[in-house]
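Work through the exercises below with the sequence and the model open. Each task is followed by a solution in steps.

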Amino acid sequence: MTSLDTRSTRTQARREELLDELVTLVLAEGFGAFTLDDLARRLHCSKSTLYGLAASKEQLVVAVVKRFFQRATVAVEERAAVPADHREQLSAYLLAVAEQLQPASAAFFADVAAFAPAREIYERNTRSAAARVQRLVTDGVTAGTIRPVHASFVGAAVAAVMDAIHRGAITAATGLDDAAAYRELADLVVAGTAPR
């Protein structure tokens, strides 16, 4: 390996590390109030290093939100793949969503809701999650491990609740944070699909 390759590898590793640090920071505190100067100071790097990640604060936020949801999706799918029973997969899937959202603060969700590109990433992930629930239900009905329910309805109902969670309507109505709401949703869906 040449010194240029070594330097390139170190640079890429540092970028990955910075993105991970940004994910942690943004989940905990949101991103609306931060400037690039603030972020550089908090991450002990230069603004030019941040510009190496993205050309603007807005693009940096998009990269960070995408990274969070990409990693969360992988973790959720890994958890859902473990159980053999479809109802257990449904539970594992929704509980893993709750687990992945647990570190996200109210400030993060408020900032995501207020920034259209981040909101679209969240909404796209929510639609994908609802479609995944629908597939799990369909597979379970076919296999006989889930009672014959209308899988599209379950998927649509889950999507509606996920949307309400995202909009803050569930928190406003119940006081539950997003992660707790997903845990309740998991319990409801699993109980509602139990064989009779």
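The structure is a predicted model.

**Exercise 1. Two sides of a helix**

Task: State which exposed residues sit on the face of helix 6 turned away from its buried side, and which residues of helix 6 are buried.

Solution. 
Step 1. Ala106 and Ala114 are the exposed residues carried by the face of helix 6 that is turned away from its buried side.
Step 2. Helix 6 runs over residues 106–114, and its buried residues are Phe108, Phe109, Asp111 and Val112.

**Exercise 2. A pair of packed helices**

Task: Describe how helix 4 and helix 5 are arranged, using the angle and distance between their axes.

Solution. 
Step 1. Two packed helices are described by the angle between their axes and by the distance between those axes.
Step 2. The axes of helix 4 and helix 5 come within 8 Å and cross at roughly 150°.
Step 3. An angle over 145 degrees counts as roughly antiparallel, and helix 4 and helix 5 are therefore roughly antiparallel to each other.
Step 4. The crossing of helix 4 and helix 5 is right-handed.
Step 5. Residues of helix 4 that meet helix 5 include Phe68, Ala72 and Val76. On the helix 5 side, the residues that meet helix 4 include Ala92, Tyr93 and Leu95.

**Exercise 3. Salt bridges within a helix and across the chain**

Task: Compare where the partners lie in the salt bridge of arginine 14 and glutamate 17 and in that of aspartate 20 and arginine 71.

Solution. 
Step 1. A search of the whole structure gives twelve salt bridges.
Step 2. In one of them, the side chains of arginine 14 and glutamate 17 meet at 2.9 Å, N to O. Both residues are in helix 1 (residues 3–29), three residues apart, about one turn of the helix.
Step 3. An α-helix has 3.6 residues a turn, so residues three or four places apart point the same way.
Step 4. Arginine 14 counts as partly exposed at 27% relative accessibility, and glutamate 17 is partly exposed at 41%.
Step 5. Aspartate 20 and arginine 71 form a salt bridge in which the closest N and O atoms are 2.7 Å apart. This pair links distant parts of the chain, with aspartate 20 in helix 1 and arginine 71 in helix 4 (residues 57–80), 51 residues apart.
Step 6. Aspartate 20 is partly exposed at 28% relative accessibility, and arginine 71 is partly exposed at 44%.
Step 7. A network of salt bridges links Glu16, Asp20, Arg67 and Arg71.

**Exercise 4. One threonine**

Task: Decide whether threonine 126 is buried or exposed, and list its contacts beyond four places in sequence.

Solution. 
Step 1. Threonine 126 belongs to helix 7, residues 116–143.
Step 2. Its relative accessible area is 10%. Buried means under 20%, so threonine 126 is buried.
Step 3. Once neighbours within four places in sequence are left aside, threonine 126 is in contact with Met162 and Asp163.

Technical notes: Residues numbered from 1 in each chain as written. Predicted model: local features only at pLDDT ≥ 70, side-chain atom pairs only at ≥ 80, totals over all residues. Heavy atoms only, no water. Helix = DSSP H or I, 4+ residues; strand = E, 2+ residues; numbered from the N terminus. Buried < 20%, exposed > 50% of the residue type's maximum accessible area, 1.4 Å probe, protein only. Contact = heavy atoms within 4.5 Å. Salt bridge = Lys/Arg side-chain N within 4 Å of Asp/Glu carboxyl O. Axes fitted to C-alpha atoms, helices over the stretch in contact; angles between N-to-C directions. Parallel < 35°, antiparallel > 145°, perpendicular 65-115°, else oblique. Left-handed = near helix turned anticlockwise from the far one by under 90°.
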